[in-house]
Amino acid sequence: MARNKEGLILLVDVGPSMHSVLPEIQKVCSLLIQKKLVYSKYDEVGVVVFGTEDTKNDLTKEIGGYEHVTVLQPIKVVDGDLVDVMQQLPRGTVPGDFMDAIVVGMDMLIKKYQETIKGKKRICLITNAMYPIKDPYEGTKEDQVYTIAEQMAAHGMKIDCIVYKGNQKQDTHDSIIKENDMLLSIFSKKTKAKAVHVESSTSLLGALRTRNIAPVTIYRGDLELSSTFKIKVWVYKKTSEEKFPTLKKYSDKAPATDKFATHEIKVDYEYKSVQDPSKVVPPEQRIKGYRYGPQVIPISSAELEAVKFRPEKSVKLLGFTNASNIMRHYYMKDVNIFIADPGNKKAIVAVSALARAMKEMNKVAILRCVWRQGQTNVVIGVLTPNVSENDNIADSFYFNVLPFAEDVREFQFPSFSNLPASVQPNTEQQEAADKLVMMLDLAPAGKEEALRPDFTPNPVLERFYHHLELKSKHPDAAVPPLDATLKRITEPDPEVISQNKLVIDEFRRHFDLKENPKLKKSTRRLLRDRTSGSFGGEVVKNEGQPTDLVTSTSTVKVETIGDLTPVPDFEAMISRRDSPEWVSKAIFGMKNKVFDLVENSYEGDTYPKALECLIALRRGCVIEQEPKQFNNFLHHIYRFCQEKDLSSFCEFLASKDITLITKTEAEDSEIAEGDARSLFVKREPNSSK
Amino acid sequence: MKKVTKNLKERIGLLFPDGCKLLGFLVVAGKSVNSALNKNEPEFMIFVLLVPLQMLSGILGASNTMRITEDALYEGAINKISETRSKPFDIPPLNSFHQNPLRQNPSPQLLHCRFSKSCLMDMDPDDVFRDEEDDPENDFYQERQASKELLVYLVDASPKMFNITCPGEDQKNESHFHVAVSCIAQFIKVQIINRPYDEIAICFFNTREKKNLQDLNGVYVLNVAEREHLDNLTAQFIREFDGVEESFNKLIGSEYGIVSGSRDNSLYNALWVAQALLRKGSAKTADKRILLLTNEDDPFGNIKGVTKLDMTRTTLQRAKDAQDLGISIELLPLSRPNEEFNVSLFYADLIGLDGDDLAQFMPLAGERFEDMKKQLRKRMFKKRKVRRITFMIASGLSIELNTYALIRPTVPGTITWLDSVTNLPIKAERSFICADTGALVQEPPKRFQSYKNEEIKFSTEELAEIKRVSTGNLRLLGFKPLSCLKDYHNLRPSTFVFPSDEEVMGSTCIFIALHRSMIRLKRFAVAFYGSSTRPQLVGLVAQEEIVVAGGQIEPPGMHMIYLPYSEDIRLIEELHSETTGNMPSANDDQIQKATALMKRVDLRDFSVCQFANPALQSHYAVVQALALDEDEMPEINDETLPDEEGMARPGIAKALEEFKVSVYGENYDEENENTAHGKANAASRKRKVASEDALNKCAYYDWPKLADDGKLKDLTVQELKYYVTAHKLPVAGKKEALISRILTHMGK
């Protein structure tokens, strides 16, 4: 385990220009430490910040210089304190010199490990590289960087540079930035280095590799172009899903005094005859059965072994074909990468020639692969060229698995052109759509492509580790909300939306959406009948009104609350003054809406919408001075949720701070200021259990 | 092989109780499989069995190996091959969810059996291929046009069928009866795998013996015990049918049933029996067909006068009655070598064929037969949506989409675990046991993660809440040019989305408008798909409809591509970057040689999924062989092997050689090249040194003596390992394991 431990130095620029993104940096760095705590707890990490007022490092003591570089944490095995350190990075006051910091980091690594853990020493630099580095005492800056890079290579260190380029207004620094970029690029020429430039805080979160997975080849051997011409290749996984951690089941049976209790739960399987459940069949007495018509044919594993299809290990070329013959949606699995055997120069050239020719001709290769000896299936896939843009990185291929004839289900769908004219977009609608597709652009020219998969972190994992850390401090900590940076992944960027407000509004105007009137509303009516009884006289009167009026959001006068825009409908209705009935109608309709949403929710997916409605309802009730309507309803829904096992909604409301309407807000209310939360306080002991 | 099939009696002894028939597979008729027998076109269709026997003989033997064009000269030949290869598509489309005016007869051969996971005792841990999104709860929305097929084969067994022969395999003449029977035999063997819920009956007419419920003369319904006349296919029935030819004369006998002087009309009787059999089941849920195989184009030819007229009239009336009941009658006529089957003599009337159809029918029949014999064992899936999702385009503007799984890896079928002693199904029961106290616990409500030497507990609700990062089902984030979608941006099979106006009217219109814009502007949409299992970014790639020869190859709609996160992408390229200089790359000459090679080794019109999965086909073949007690395991033709012959063609060989010389140089020795760069082989060299070392050290010990004195346990593990390494035994395991391994090796 410890054999593969990594020594990592985090170099973080905390100079004034970095302050805006330091929260993200803190987040991503603590995530890195947290993942190490979970997956590789023997790794060692040191933290250096630069751009600080103070100076604290060994080199300055020993030889002087290296000001404003502070060793926040000498190299040590990862632990919880390190997470805290990362979460409280100091805010610096002076422009930092990243080159000084690199030297300090190298010095720490060399002193700590000398010649050991070769190839596992890594420096990770996060800076915006906006300030010039100091001129060296002799030679040029370039010479200095070359020397440092060579040293790094000699000691087997890697360096990852993440250069943040967000919102830089000072154009004057252009030349400096260029120079710094050039200097940093020297590293990638001389040593194992990687420099990435990111422009948004979201991609900053994704730019740092928070988990180190040692890549393993899934195949080493020949790529057979023909029986006589073979190229030595290695195959790795290029993408592989990082799964949500598998949590163990917790048992609370062990006595609290037992310090060594594992709290684990073992799962035990027992096999019983279907006809006679009292008869237990030992696992080794089981035999696999496969269906043949209505019957099941038992086949023992020995028999199956004996007749199994067993192709020879090999990777063979079937031929080349036009790239357009392989549609993108046929890619079946995660992606592999074929690289030439790194020790074999001629193989590298051969792969390079093929890749470049394929790219030039827009061709792809079809392969038949058997990765391992003894594998019981073959894989047909497509090889696409990946021509390297970097001189010191070899050309390679991506490999995607293609489906077999049996894997494709030939379902038929109607042609769009055969659909009735009513669903065909007209010219204006098509134009509006064109505009939307053009303008809602995530990859504008001259700017960073937003949400590039390579720089987009998984918000779920991010949130899990964040919660894990919170829970390690307070076991009852609530699930943290997604912060704004991560919301950029799950929701459209408000900036993009506001920039394109006109286009979106136009699009909305051109298309008309409405609920299908023919849709059976049986479920909804049921709910209405059930709830109306408990609402008292005034509401029941409204029951006489047709409740299943067709929702028409486009008409001026809103008469019911629809599914699509309940809140605006409600607001429109409640403010109608042509009849006093509208207020109660609106309130009534909204109550039903909330019920609908809560009851029809699937794992709470409609809760936020229900909350929106509830908030609107509360606001409306305050404005119309109808506090009882709301307060009674809130009580009612609370009871309803408890009966229906939907208490998660109550918890959700509690977490969103929905309170009863108090006397201060509406004269008629009987709820005093202090009691507004009473409903949810009662619940606390329940939910926390 | 004998051993494998020995205990077959017990195997087949296993019949499920009736209730079990319904659980299990979702099966649907697909066009590629039963197109030949499909009634998705003019109601009555005729097929002529012109095809010589050898073509029928190999359902799977059909040569489907990959061919490569050498150059333009071969283009014609290649196109022909690829034409047959892409066959699954060349067939008029089947059923569609929305009634398509172009398609008059959406095939209703869909089953509406629920896929009930809970009923299946499937604990296979390797079962990773299941559709992740298959959610039985969604069956609620299933389209209810599903149905199965009820099919009666009417095989003419008149002496004429035996007397007339056509050249078959090995240039031997074979009787029409043989052709018909072997064709059906092969067909039902595929059918039992593809669509096990179809119900089949096989009747012979013009027989000496009679066996039918109506006790009519000249009609013999073949069956086995415990099976209704019209029922699901079973192994016994298929075996019985396989043997029918041998025992035919003894058991059934051939005798032409329409002779002058007798009022018997065997064709009439046969139709009557078939119609009676097909009374079972409702016409709404089942597709009922009669398939008539005969070589007699004029059944009443030897009758004269009024009797003939009368017989013709009653027979036609009988057929019409059947058709009025929703039964379609199809004809598979067999032609004599020198004389074509004359449809217009009698059968055109029987099945209601007139001018145009009559003329078109010849080429069609040939094509259909190609399909029939090349049938692939492929489980058919019913078209059903995986789930309905809302696609939020902007706030307050959401449309409704249905998702479909068009491409999913097919697995050999559900495993039913059985008790090997009784061959009865077993079920697994799971129990949770506390590791500390050994107490039985209920499904634990909390999970934990070890972190900082503590156990951090999470409730299932909290975990669900963590994963709930998005409210909307599918939320549009923006658009990007297609070039931003890289080849490595893939994790799972894509999901197809198609709009629906069922709940929100106007969805389809918006969808079509976006679809057109995206295709025209070559852009794809990036959206966030907030599924509860793995919320993730997806790319929506618009796909235009592609129709070839009247068949829909690609349906119009969008494909949802699951994009990886940065955590899921590995930086392999940089792993072996060169630090001392530039990486070697190909020069222009080498690229040009590669280009030349590519031009020659070109798979024109390659289509994805033209290969059958050899592992799956072999599995089906094994199950069939065991079920039917076949003596030999059928050979599976591995279509995925490269075309060695094509590669050896002079043009290609020359191009290959030129490219090889240009990158490798003359007299290149791959092995030498490899060892010269020892870097890669460091590990293996180390291993070699270690084993030599062990061999030396091993010699110091007197192993047999140590073993005899029981002193092995006094040695260290390191010392024990000298022995196992030197003798190339596995080195893993604890000390006891090593000792016992050494003892076993020494034979003690």
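How many helices and strands does chain A have? Chain A has 22 helices and 19 strands, where helices (H or I, at least four residues) and strands (E, at least two) are DSSP runs numbered from the N terminus. The structure is a predicted model, in which local features need pLDDT of at least 70, side-chain atom pairs count only at pLDDT 80 or more, and totals for chains, interfaces and linings use all residues. Residues are numbered from 1 along each chain as its sequence is written, while chains are lettered from A and ligands numbered from 1 in the order in which they are written.

In chain B there are 24 helices and 23 strands. Of the 689 residues of chain A, 46% count as buried; a residue is buried if 20 or more other C-beta atoms lie within 10 Å of its own, exposed if 12 or fewer, and partly exposed in between, with C-beta atoms placed from the backbone. In chain B, buried residues make up 46% of the 748 residues. Two residues are in contact if their C-beta atoms, placed from the backbone, lie within 7 Å. Among contacts with a separation of 6 or more, residues 24 or more positions apart account for 70% in chain A and for 74% in chain B.

A nonpolar core is a set of buried Ala, Val, Leu, Ile, Met, Phe, Trp, Tyr and Cys residues joined through C-beta atoms within 7 Å. The largest such core has 295 residues, and those touching the most other members are A:Leu11, A:Val48, B:Val152, B:Leu154 and B:Cys203. Helix 7 (residues 176-194) of chain B supplies the largest share of this core, eleven residues. Another core, of 33 residues, lies apart from it and includes A:Ile587, A:Val594, A:Leu611 and A:Phe630. Leaving out residues up to four places away in sequence, A:Val48 touches several residues, among them A:Leu11, A:Val69, A:Leu72 and A:Val104.

Helix 7 of chain B packs against helix 8 (residues 235-242) of chain B at an angle of about 170°, with the axes 10 Å apart. Axes are lines fitted to C-alpha atoms, for helices over the stretch in contact, and angles run from 0 to 180 degrees between N-to-C directions. Helix 7 of chain B contributes B:Ala185, B:Ile188, B:Lys189 and B:Ile192 to the contact, and helix 8 of chain B contributes B:Ile238, B:Phe241 and B:Asp242. These residues divide into five nonpolar, no polar and two charged; Ala, Val, Leu, Ile, Met, Phe, Trp, Tyr, Cys and Pro count as nonpolar, Asp, Glu, Lys and Arg as charged, and the others, Gly among them, as polar.

The contact between the chains takes 194 residues from chain A and 206 residues from chain B. On the side of chain A that touches chain B, helix 9 (residues 345-361) of chain A gives the most, with 13 residues. The residues of that side of chain A divide into 94 nonpolar, 47 polar and 53 charged.

Strands also pair across the two chains, and two strands pair if DSSP finds at least two bridges between them. Strand 10 (residues 265-273) of chain A and strand 12 (residues 426-434) of chain B pair in the antiparallel sense over nine bridges. In strand 12 of chain B, B:Phe432 stands opposite A:Val267, and B:Glu429 is the bridge partner of A:Glu270. Strand 10 of chain A also pairs with strand 11 (residues 280-281) of chain A, in the antiparallel sense over two bridges. A hairpin of six residues joins strand 10 of chain A to strand 11 of chain A, and A:Tyr271 stands opposite A:Val281.

Three strands form an open antiparallel sheet in the order 13(A)-12(A)-11(B). Its edge strands, each pairing on one side only, are strand 13 (295-299) of chain A and strand 11 (415-419) of chain B. From one strand to the next the twist averages 45°. Strand 12 (residues 286-292) of chain A pairs with strand 13 of chain A in the antiparallel sense over five bridges, and A:Tyr290 has A:Ile297 as its bridge partner.
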